[in-house]
Amino acid sequence: MPFTDDFLERIKDSNDITSVVSSYVSTKRAGHDSVCLCPFHSEKTPSCHIYSDTQSFYCFGCGAGGSVIQFIMLMEHLDFQESVRFLAQRAGIAMPEDSYDRTADTKQRLLEINREAARFYRDILISEKGAEGWNYLRGRGLSENTIRKYGLGYAPDDWSTLKDHMTAKGYGEQELLDAALLSRSQKGNTYDKFRHRVMFPIIDRRGNIIAFGGRTLEPDAPAKYLNSDETLVFHKRSSLFSLNFAKNTKEKYLILCEGYMDVISLNQAGFDSAVATLGTAITPEQARLMRQYCEEVVISYDSDGAGQKATMKAINLLADAGVEARVLQMSGAKDPDEYIQKYGADGFRMLIQQSGGAISFELQKLSQGLDMDTPEGRASYLKKAVDLLADVDNRIDRLVYVSDTAKLCGMSSAEIEKAVDERRRFKSYNAKKQERRDLINPPVRSSRNDMNALSQTAEQKAERGIIAFMFHSPDMLSRVEDKLAPEDFPTESYRNMYNIVANRIKNGSSLDLSSIGDEFSAQDVGRITGIINENNLLPYQKERLNEYIRVLEKHRDRYRGKKPEEMTNDDLLQQMEKLRREKSKK
């Protein structure tokens, strides 16, 4: 059943939106309100505004917006009812007894299945059947305490051991498929997805087991690691292994690794800020997730070619997310796990202290493939280095890198500094030229969810304006309905918005952003928030509403109730002739 407006109002009042947002990202006061780097897209300057008076937020960069409920929906990947439950628990408010959410029940069931499966894998690991897995983990240097801490397990080399155990516990075959613990053959038979593998439970920030990673013990297996498929509770792009531990670190940095064993070895050695992506290269979502917990990220990828390529991608994505990056330069070991085994925790701690910034790493990459002992090689390197250093805004940092470059090329720092300054002036001149062009002919900016006002047609502006009026002055609905029918809204998405809002007004339901979420998606609430903010810049006067109505009436009469794509050739010819006659009369 839907929540009552009173209950949703209580949820909103008990969860101040600035406080909630601040628990995920750093916010700064901006007058009466606050701003922050948007957690839903990568940016370097804050475009997400938190409004204390309306208890809402809106990002002018990507269009995300709404109440505290929509923020939690997007932040925690929850649906509307799950977000309300999340906030109710946060505020210590009891949920209504008659509220029922089938999706939430399904997710809880999946989490329960994962817990039982993890228990099964763990019990197998410490039994005689798991000797091979146990010996592998102990052989990699993991202590019994570490194995227990991470809940590691073992999937036996059998096609149905887990399936038989889980079905005996009362879990259905389809549920196990939905949890990505079983796979289905081409003949339609089901079997255990993970077999003869050491198992790594993947745990989210709230302590829920959401998925598994499995490391094969087959020497010639084509896939060394196998991860769970995505499910209702597991989204690979926005999850990080061991973040449940790393989020509590006292360090100001996170250590980004490639694999499970790297993270676990580092954690065992005392580096509790280590995390890893889940079998794929870092994603923008993961970069933004890390930004919530640290000021900088130390990239600790493998030293092979693939690892170095992945490092460059990580540097760029972290920079886009507004996170400083440092890069470990490992020699004598291919990955953090091997480095710890060889040189111990103190050696790795020194490696972190000596790690260089992203610029040092990129400068080093520029010299690869060049013969620095030849004038041609040094000249080629210098051209690239000058261009790179011209983008370093901090003068002190720039001078340090200029000095390093001068030593490498056998030149004086003054000469290189002069070349860098000239390049900076050239780039600044071009940037100002572009700025002047933009002032004369502003580029059209559009968010992910909404069209910018510059790119809207007159009809779209009218549709958006009427929707804003309904939120501001619901009593104006009768004035709109006297002149327009819902089908007179030419844009389908706005027509649907208008219909729902009009019905809520007629039913006496609340139009608060926290209340409409049971009928709109989080993305649509963001669009509505943008519409409201956009129209709040203008006075809510009847004359403005009447003009919006006239625009849609004119559009309706022009096409005689038909959309352009629905008109026949004769209709279009008649319409063109009508427009020609109207134009000739002016």
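Reader: Which residues are linked in a network of salt bridges?
Author: In this predicted model, the network of salt bridges links D5, R504, D518 and E519. The structure as a whole holds 29 salt bridges.

Reader: What makes the pair E9 and K12 a salt bridge?
Author: The term requires a side-chain nitrogen of Lys or Arg within 4 Å of a carboxyl oxygen of Asp or Glu. The closest N and O atoms of E9 and K12 are 3.7 Å apart, and so the pair falls within the 4 Å limit.

Reader: Why are E9 and K12 said to be separated by about one helical turn?
Author: Because both residues belong to helix α1, which covers residues 5–14, and stand 3 residues apart there, the separation comes to about one helical turn.

Reader: Is each partner of that bridge called buried or partly exposed, and why?
Author: Buried means under 20% relative accessible area, exposed means over 50%, and partly exposed is the range in between. K12, at 8% relative accessibility, is therefore buried, whereas E9, with a relative accessible area of 29%, is partly exposed.

Reader: How do you know that E144 and R148 form a salt bridge?
Author: Their side chains meet at 3.9 Å, taken from N to O, and this value is therefore within the 4 Å limit. The two residues are 4 residues apart in helix α7 (residues 144–149), which means a separation of about one helical turn.

Reader: Why is R148 called exposed, and what is said of E144?
Author: R148 has a relative accessible area of 55%, and is therefore exposed, the cut-off being over 50%. E144 has 39% relative accessibility and so counts as partly exposed.

Reader: What can be said in the same way about R550 and E547?
Author: Their closest N and O atoms are 3.0 Å apart, and the two form a salt bridge. Both lie in helix α23 (residues 542–558), 3 residues apart, about one turn of the helix. With a relative accessible area of 46%, R550 is partly exposed, and E547, at 37% relative accessibility, is also counted as partly exposed.

Reader: Which residues form the negative surface patch, and what makes it negative?
Author: The patch is formed by E132, D157, D158, D164, E218 and D220, and it is called negative because Asp and Glu count as negative.

Reader: Why is S273 called buried, and where does S273 lie?
Author: Its relative accessible area is 1%, and S273 is therefore buried, given the cut-off of under 20%. S273 lies in the loop between α11 (260–268) and β13 (274–276). Leaving aside residues up to four places away in sequence, S273 touches A246, T249, E251, Y253, L254 and I255.

Reader: What share of the protein is buried, and of how many residues?
Author: Buried residues make up 47% of the 586 residues in the protein, which has 24 helices and 16 strands.

Definitions and conventions
Residues numbered from 1 in each chain as written. Predicted model: local features only at pLDDT ≥ 70, side-chain atom pairs only at ≥ 80, totals over all residues. Heavy atoms only, no water. Patch = residues over 30% accessible without salt bridge, like charges linked within 9 Å, V, L, I, M, F, W, Y side chains within 5 Å. Areas by Shrake-Rupley, 256 points an atom, 1.4 Å probe, with all protein chains shown as cover. Charge placed at Lys NZ, Arg CZ, Asp CG, Glu CD. Buried < 20%, exposed > 50% of the residue type's maximum accessible area, 1.4 Å probe, protein only. Contact = heavy atoms within 4.5 Å.
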